[in-house]
Amino acid sequence: MADVATLVEQAREGRPRAVARLISLVEGASPQLREVMAALAPLTGGAYVVGLTGSPGVGKSTSTSAMVTAYRKAGKRIGVLAVDPSSPFSGGALLGDRVRMSEHASDPGVYIRSMATRGHLGGLAWAAPQAIRVLDAAGCEVILVETVGVGQSEVEIAAQADTSVVLLAPGMGDGIQAAKAGILEIGDVYVVNKADRDGADATVRELNHMLGLGESRAAGDWRPPIVKTVAARGEGVEEVLEALDKHRAWMEERGTLTERRRSRAAHEIETIALTALRSRLADLRGDARLSALAARVTDGALDPYAAADELVAGLTGG
């Protein structure tokens, strides 16, 4: 069994192995997970969490790497969670963004972790919220969460980030099309990457049009900016960071940042509670209580909703 107090202390000192071990305990749903979270709780709340999402091929990993470079020039300590598709065999991450961000591998001020979705819909690994807490407690000032790139179902990033960045690229027909299914509704900052390609200005115009159609903003509301970048050359990245700074300042001024973080905590609590309930329900297979309720439903003595209410009341003591 790991010594959680020692691991947390070492993580606070910036030791990568301790951070890695804590995230591994999170991913593996270790019996020590509750002890880890209890130890981390008073140490969190200082990190600014930025989510990056978008369709495959828009350059999310290149953009993330370029943002890390820019933040490091500003002297900030950075954490990166790169959420990849899962291998159906091992359950591990298939793409391994640490390979694609190898230029930062030897930088002690950057911690990069690839996480597998393990079948979790919404573009994020189920353990991402707890992993974010680990990086926050370890002193990362900015945490970049790069999602898996599955397109329309990636809106879950909005529930996990302080600021959501949606990336698009010219010439990718599904980029703007995704707007109709909601992915463009979650963005606080929009980035048109690969802006040196033909069609970049047209993509910006179409994006402006799509955003305008959905606008119902009052005076003083945040209007998401659109930034053009060529991430492979580092062009426009400083403008992206400037847009992020402006959004953070706007949220802090209006109290929106606190609201978002409370909403994030509520979502996390709900997920943990539902997971615990599902686990208890799974244990009921073959249980006499469930069999008895099923018999009453089959006989017409009870409807399935009333049976479910009775089952839940028995589980929760309600």
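Tutor: Let's start with a term: a cavity is a set of grid points where a 1.4 Å probe fits but cannot get out. Keep in mind that the model here is a predicted one.

Student: Okay, so how many cavities of 30 Å³ or more does the structure hold?

Tutor: The general idea is simple: roll a probe the size of a water molecule over the atoms, and you see where empty space is left. In this structure you get three cavities of 30 Å³ or more.

Student: Which residues line the largest cavity?

Tutor: Look for L52, S63, A66, M67, V165, L167, V191, T229, A231, V237 and V240. The elements giving two or more residues to that lining are α4 (60–73), β5 (163–168) and α10 (237–254). Of these, α4 gives the most, with three residues.

Student: And what does the lining of the largest cavity have by class?

Tutor: Nine nonpolar residues, two polar ones and no charged ones.

Student: Now the helices. At what angle do the axes of α1 and α2 cross?

Tutor: In general, two packed helices are described by the angle between their axes and the distance between the axes. Here, the axes of α1 (residues 4–12) and α2 (residues 16–27) cross at roughly 130° and come within 8 Å. The two helices are therefore oblique to each other. As for handedness, α1 passes α2 in a left-handed crossing.

Student: Which residues in α1 and α2 meet?

Tutor: From α1, take L7, V8, Q10 and A11; they meet A18, V19, R21, L22 and L25 in α2. Sorted by class, the residues of this contact are seven nonpolar, one polar and one charged.

Conventions:
Residues numbered from 1 in each chain as written. Predicted model: local features only at pLDDT ≥ 70, side-chain atom pairs only at ≥ 80, totals over all residues. Heavy atoms only, no water. 1 Å grid on protein atoms, 1.4 Å probe; cavity = no way out; pocket = protein on both sides within 12 Å on 5 of 7 lines; lining within 4 Å. Points joined across faces, edges and corners; volume = space filled by probe spheres on them. Helix = DSSP H or I, 4+ residues; strand = E, 2+ residues; numbered from the N terminus. Nonpolar A, V, L, I, M, F, W, Y, C, P; charged D, E, K, R; others polar. Axes fitted to C-alpha atoms, helices over the stretch in contact; angles between N-to-C directions. Parallel < 35°, antiparallel > 145°, perpendicular 65-115°, else oblique. Left-handed = near helix turned anticlockwise from the far one by under 90°. Contact = heavy atoms within 4.5 Å.
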